[in-house]
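These are my notebook entries on one structure, set down in the order in which I looked things up.

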Amino acid sequence: MGSEGERGPAAAPGPGQGDPRALRRDCQHRIFVNRSLALEKIKCFGFDMDYTLAMYKSPDYEELAFALLLEHLVSIGYPHEILAYKYDPTFPTRGLVFDALYGNLLKVDSHGNLLVCAHGFRFLKGAEILHYYPNKFIQRDDMKRFHILNTLFNLTEAHLYACLVDFFTNCSRYINCDTGYKHGNLFMSFRSMFQDVREAMDHVHLSGCLKEKTLENLEKYVVKDPRVPLLLSRMKEVGKVFLATNSDYNYTDAIMSYLFDFSDGDKAETPQRPWRSYFDLIVVDTRKPLFFAEGTVLRQVNTDTGKLRIGTYTGPLQHCAVYSGGSSDVVCDLLGVKGKDILYMGDHIFGDILKSKKRQGWRTFLVVPELARELQVWTEKSELFEELRSLDLFLAELYQHLDSGSSERPDISSIKRRIQKVTHEMDMCYGKMGSLFRCGSRQTLFANQLMRYADLYAASFINFLYYPFSYLFRAPPVLMAHESTVEHSRLDTGEAGTALPPWLAQHGHPGQEVTGVPQDSSGEEEDDGEA
């Protein structure tokens, strides 16, 4: 019998027949795909600034904002004792819903089914949840009662609601009621608490105190990455680049100057030049999401004083000029591009991504900084996901030979308890509120919105550095339940393919990438079919 070496070299796999895992980039460098996108068709790259170009350091930045919020609440009459609370980055996650009737923080799926319910820092279970929500379900359309906390700025807000509910619930001076707290002849409802916190948020952002404190210590609060100018210079070689931010010019100028200034010995891979030279168009004070609808008056900014010139700007695009207000239509006109020519990058699922997608048809890229941690848990805790899969298979085996005529009723109570335990253990790996994307095998509202409106997403836009501008991002097939659980039969050999585990296949996971292939006629993007 001959040795393996005598059999001759093994035939190399043909095109498309290799192991796809070997072709994938490092997961921290990857861009993930919800809808196919040919990068070479993009003529214009658009950016938000806060939490996109300018990434704020967590938890330092949130701690600063939280302290300012507490100070403002005390200044309008809240008890001084609340100043003892400190921001806890392990508690909040994006996508939570605040119930202004009962004061609860909720984690829900896309249909409004409850996944997690917390009153202050106390997590409710069973009968307690049913007391507030008899069907473990909320009407998300009731926008006066249920408020979605989707932005990174909302993290401090979500934590503040928990702190206030925790304080008043445990303070002996106040009587607990279902919808608020009573103190003598005064009643403070959770709705009024919500309004106070929202006003405090507006004060902290609009008064300039948060921006002022940030600018006093940029090194502490803002991430400086020498790859930013390198990537933008490369993008400008293949298309147009614009900045559209809700921030005012003076703050934008200070932040961007810091990000692009590497004159003090910082390592940069591009020659030092003014930050405005990296953009074809700069628009501040955009007031998104209004920017994606009727917009506001477009004015030119005097970059020497930061003041606005009077009157509406109606002229052509000027090199390195800065504008205030306007609309997405104005951006398209000034740059000479249309909807799907533009790839817009932002961190706000509603203000940046949903509105630019639904109202303008722009291609969208969502920045999800939490993805780095999510991927770490997803890879390091794979044994928990595998255990859930095994429990699913065990359930299937118990019912495999039973039908409508069977009187036998398998006892699955222990399996259900184990599923709950494993799900909870998985969630706690991410933080006290669990994963941004899921609760066990069920996807969150945030995950559903991300998959629906973001064509691409990653932990940072910097990941574009690791892809050529000719890249074709191909989305994995979105399988329906009957497609993901019924195996393909190979007619030529009679062999069956392997189906994905039901708990994963039906719900998927934000974090799948399909390797790009050279662009050709078969790679044409099909209409997304979105409303």
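**Entry 1. The model.** I note at the outset that this is a predicted model.

**Entry 2. The second largest pocket.** I looked up the volume of the second largest pocket and found about 1400 Å³. I then asked which of its 42 lining residues are closest to its centre. They are T151, N154, N246, K288 and H348. By kind, I recorded 17 nonpolar, 13 polar and 12 charged residues in this lining.

**Entry 3. Elements around the pocket.** I listed the elements that each supply at least two residues of the lining of the second largest pocket: strand 8 (146-149), helix 3 (154-170), helix 4 (190-206), helix 5 (209-216), helix 10 (349-360) and helix 14 (445-453). Which helix gives the most to the lining? I found that helix 4 does, with 6 residues.

**Entry 4. K288.** I turned to K288, one of the residues closest to the centre of the pocket. I located K288 in the loop between strand 13 (281-284) and strand 14 (299-300). Is K288 buried or exposed? Its relative accessibility is 10%, and the cut-off for buried is under 20%, so K288 counts as buried. I found a polar contact of 3.0 Å between the side chains of K288 and D48. A polar contact of 3.0 Å also joins the side chains of K288 and D352. Leaving aside residues up to four places away in sequence, I recorded that K288 touches D48, A244, T245, N246, Y344, G351 and D352.

**Entry 5. Helix 10.** I asked how many of the 12 residues of helix 10 are buried. The count is 9, and the helix is mostly covered. After helix 10 comes G361, for which I noted a positive phi, near 75 degrees.

**Entry 6. Nonpolar cores.** I looked up the largest nonpolar core and found 100 residues in it. Those with the most contacts inside this core are F47, F279, F365, F461, F464 and F473. Helix 3 gives the most to the core, with 10 residues. Apart from this core lies another of 19 residues, including L298, Y313, C332 and L334.

**Entry 7. F279.** Finally, I asked what F279 touches, not counting residues up to four places away in sequence. I recorded L53, L232, K236, V241, F242, L243 and M256.

How values were computed
Residues numbered from 1 in each chain as written. Predicted model: local features only at pLDDT ≥ 70, side-chain atom pairs only at ≥ 80, totals over all residues. Heavy atoms only, no water. 1 Å grid on protein atoms, 1.4 Å probe; cavity = no way out; pocket = protein on both sides within 12 Å on 5 of 7 lines; lining within 4 Å. Points joined across faces, edges and corners; volume = space filled by probe spheres on them. Helix = DSSP H or I, 4+ residues; strand = E, 2+ residues; numbered from the N terminus. Nonpolar A, V, L, I, M, F, W, Y, C, P; charged D, E, K, R; others polar. Core = buried A, V, L, I, M, F, W, Y, C linked by side-chain atoms within 4.5 Å. Buried < 20%, exposed > 50% of the residue type's maximum accessible area, 1.4 Å probe, protein only. Contact = heavy atoms within 4.5 Å. Polar contact = N/O pair within 3.5 Å; in protein donor to acceptor, adjacent residues only side chain to side chain.
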